[in-house]
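Hi everyone, thanks for coming. Have a look at the model on the screen, and I'll talk you through a few parts of it.

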Amino acid sequence: MATVAKEWREIPARYNLEGSECGNCNRKYFPKRSMCPFCRRNGFGKMHPYQVSRKGKVFTFSVIHEAPDCNRSLKPYAVAMVRTDDGLLISGQLVDVDLSKIEIGMRVRSVLRKLDEDGASGVIHYGFKFVPDL
Amino acid sequence: MDVGIVSYGAYVPRYRIKPEEIGRVWGADGKGMGKGLKIDQKSVPSPDEDVITISSEAARYMMQRVPDVDPKEIGAVYVGSESHPYAVKPSSGVLAEVIQATPSLTAADLEFACKAGTAGMQMCMGLVGSGMVKYGVAVGADTSQGAPGDALEYSASAGGAAYLIGSEKVIARINKTLSFTTDTPDFWRREGQPYPSHGGRFTGDPAYFKHIISASKMMLEDRNTKPEDYDYAIFHQPNGKFPEKVAKMLGFTPEQIQYGLLTPSIGNTYSGAVPLGLANVLDKSKPGDRIFVTSYGSGAGSDAFDITVTDEMKDYKRENAPTLEKVLENPVFLDYALYAKFKGTIIMPE
Amino acid sequence: MREVAIVGTGVTKFGELWDKSFRSIGIEAGIKAIEDAGMSGSEVDGIFIGNMSSRFINQQHIDALIADYSGMATRNVPAVRTEAGGASGGVAFRQGVMAVASGMHEAVLVGGAEKMTDLDDASTASVMDSTADAEWEASMGLTLTSLYAMITRRLIYEGTATREEIASFAVNAHKHGALNPNAQYKSPITLDTVLRSGPVAEPLNVFDCAPYSDGAAAVVMVPLDVAKKMGVDYVKVVAACQASDTLALFQREDITTFKATTAAAKEAYRIAGIEPKDISVAEVHDDYTVGGIMALQDLGFFKKGDAGKAVLEGQVEIGGKIAVNTSGGLKARGYPVGASGVAQVVEIADQLRNKADKRQVANAKYGLAQSVGGTGSAVTVSILEAI
């Protein structure tokens, strides 16, 4: 089992979609990067924290029936790739939705939900999921 | 200085179950139980929701409505609940991170049965009023558990509301708060036990009614007011009947309590109950409205508040987040099997 | 740089090989390949093994395990294990080609082996999911199948292929698998079987997905000039190319094409001096039916929008426009992950040497093998030529 540090380190990203913006070319990334793949050394020292928009549209989706152990009490559940309003593509679960009514182009927003826990006595991992944006 | 509510946010999970469906499983007259409790349905949290996620949603709505408030200026965060996800590791710490108020602030979790949220509001008032902090956040939220087959299963539900307490651009000034507290064993849960226990009918007169009436009378006397001086009144609401009765006993009318009484449509959200009732009232209020609030927490105690909605409410960006009425629209009803799946009462393999 | 030839191939049965351990499977394929080359094991001076995950058998140092149990460790022959998700075998092959081409090695054994059935299904699935972005896809609740399912939905939405066309790739795979005595599944299936099988991640069903399998494959390679004098059937390796792309699917601009396939293929065709239409037989990575359809387009065999129709109409069967996955592919022949890239090369080499039995494609001059890791994060494209 991984130590608590592994998940703790990602809290700004998992809770608040914190990624990076390259100060050289202004491209935005999620998750964060210490190096811009386009600017490479021209972007060194210029990668700033960037908070990705919490709203977007469904780009594509799937309803998972064969679920990993950590999610077996949720199955069947939906996952989606979402095009955020500021142009990034992010993936996560899509919840609080009628599974038969999900459509490409549907508006969604990200919320904080439980992702997993390290057993009944372990740490609870929170992160972002998407819900329909009414 | 004026101390009061600068912003608020409320959230209730979208799933519901009806008392008749619960009764069906246990061979009880669920519909009759519902009528007796004056509860039409109760809210059910999704398996991936808990007090931390509910607090986060409510607090995010609260912050969205005050875009000019820098979360780093929040000096205190308190989450009051009787279903904190951890016995040791504060929900308020996680919430502070979620709303990006960290690291310069104090935080702690509160428990006082159903009044932990209002107790948090009082603590924030003290910190703000003394000049120790600029803003404090108080949340009352619960994902309360009713033991399967027990009377509480018909009412124990989930939801929460968050309050930003400050002294600048106050939309609802808290003119006064006071409390009535005793050691009264009407309802309790021991460490490690999954479900609470209660003293049956002892939870009525010596507990709920005594404390709410005492605190309310103290407030009316302190403020030199009468029930008719208020536009709205919100009382703790473990079912739909108790608050109607206590309102009548104190001299408040059904019209005054209607917006603050949500239990009939969402069940008893415990620490979320009065905060949610107040949020619904604030959604409908206008400048000049006077609001009377008395919460109740078993164990036991009542916190009373005398509130006046200010002119700031005109400029308040309530529209930046959904009203509670909007949040409660289009709920999804569950049968008992799905309810058990959501509550985690189905034994899954190792 | 020297030209390289494959002089021997070997492959085990693929399937749930309960009574065979990882060690025995790996060695079995290698022995067959060396014997097919008419060589002695003592002539091998380097080993490359494609093996996707130590987690399946909880063993690191697969290189040492194979070197030891193949008898090579007594001569201290160097062994290298390569991992690139589903492309582990394809990468091992390319490393072996480079080793001989560069002059650093005279005779290499390239193998691919995987033992997946010593782990329960849920754990196996979790290992496969970790070939996606473990932190930002798998840990967020996305499975590898759901990623390919999202690609499928997008392909259908964009009008590139219909659900039936995509499903028909499995029908083609099983038709060929029925002709392969080593295949895990030897019965043909209908389109209906695929479409009505239970959902795994909508819209992909059980029959859209390759199985978990045990198995191994191996090839022996020497310089082309040496092969010419050996008196055995050999094929020339004209290209062994590889390309990378982002780890996570959500970091791509277009998720309905694998740029790594296009890039590796472009380089391979350039080096070989040929065009897609010159390929007579191809083994493509159909871990999911949709992967097979995408491969046909990305490799240039069909224009975007035409591949699905072609498969549905039977144009990629033996005797068709181009014979695809004559082995049965990952779907029907089986998918012991690390073995698949090498097994594809074995099938192409056998086709070009007229050793493909009932699956033989007539007069094949050029054959191609494509192996994919994750959601196209690494792709190898190899082209062989019949001499």
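This is a predicted model: local features need pLDDT of at least 70, side-chain atom pairs count only at pLDDT 80 or more; totals for chains, interfaces and linings use all residues.

Residues are numbered from 1 along each chain as its sequence is written, while chains are lettered from A and ligands numbered from 1 in the order in which they are written.

Okay, back to that pair. Strand E2 of chain C, residues 46–50, runs parallel to E3(C), and 4 bridges join them. When I say helix or strand, I mean DSSP runs numbered from the N terminus: H or I with at least four residues for helices, E with at least two for strands. And two strands pair if DSSP finds at least two bridges between them.

Now zoom out to the sheet in chain C. It's an open sheet of 10 strands with mixed pairing, and the order goes E3-E2-E4-E7-E1-E8-E12-E11-E9-E10. At the edges sit strand E3 (79–82) and strand E10 (323–324) of chain C, each pairing on one side only. Helix H9 of chain C, residues 259–272, packs on this sheet and touches strands E8 (235–244), E11 (366–373) and E12 (378–386) of chain C. Touching here means contact, that is, C-beta atoms, placed from the backbone, that lie within 7 Å. The direction of H9(C) makes about 150 degrees with that of E8(C). For angles like that, axes are lines fitted to C-alpha atoms, for helices over the stretch in contact, and the angle runs from 0 to 180 degrees between N-to-C directions.

Chain C also comes in two parts. Its domain assignment gives domain 1 as 4–120 + 213–235 and domain 2 as 132–210 + 239–381; bounds like these come from an automatic or database domain assignment. The C-alpha centres of the two domains of chain C lie 23 Å apart. Their contact takes 36 residues from domain 1 of chain C and 32 residues from domain 2 of chain C. What gives the most to the domain 1 side? That's H3(C), with 8 residues. By class, that side has 18 nonpolar, 13 polar and 5 charged residues. In this count, Ala, Val, Leu, Ile, Met, Phe, Trp, Tyr, Cys and Pro are nonpolar, Asp, Glu, Lys and Arg are charged, and the others, Gly among them, are polar.

On to chain B. Chain B has 12 helices and 14 strands, and its C-alpha trace spans about 55 × 45 × 40 Å along its principal axes. For 350 residues, a compact globule would have a radius of gyration near 20 Å, and chain B agrees with that at 19 Å. The radius is taken over C-alpha atoms, and the globule rule is 2.2 Å times the number of residues to the power 0.38.

Chain B has an open sheet too: 9 strands, mixed pairing, in the order E5-E4-E6-E7-E1-E8-E13-E12-E11. Its edge strands are E5 (106–110) and E11 (232–235) of chain B.

Why is E6(B) largely enclosed by the rest of the structure? Because 9 of its 9 residues are buried. Buried means 20 or more other C-beta atoms within 10 Å of a residue's own; 12 or fewer is exposed, in between is partly exposed, and C-beta atoms are placed from the backbone. E6(B) pairs with strand E4 of chain B (residues 74–80) in the parallel sense over 6 bridges, with Val79(B) opposite Val139(B). E6(B) also runs antiparallel to strand E7 of chain B (residues 158–166), joined by 8 bridges, and there Val137(B) stands opposite Leu164(B). Val79(B) turns up again in the next pairing, opposite Asp109(B) in E5(B).

Last stop, chain A. 15 residues of chain A are in contact with 18 residues of chain B. E7(A) gives the most to that side of chain A, with 4 residues, and by class the side has 8 nonpolar, 2 polar and 5 charged residues. Towards chain C, 21 residues of chain A are in contact with 21 residues of chain C. This side of chain A divides into 11 nonpolar, 8 polar and 2 charged.

Note on methods
Two residues are in contact if their C-beta atoms, placed from the backbone, lie within 7 Å.
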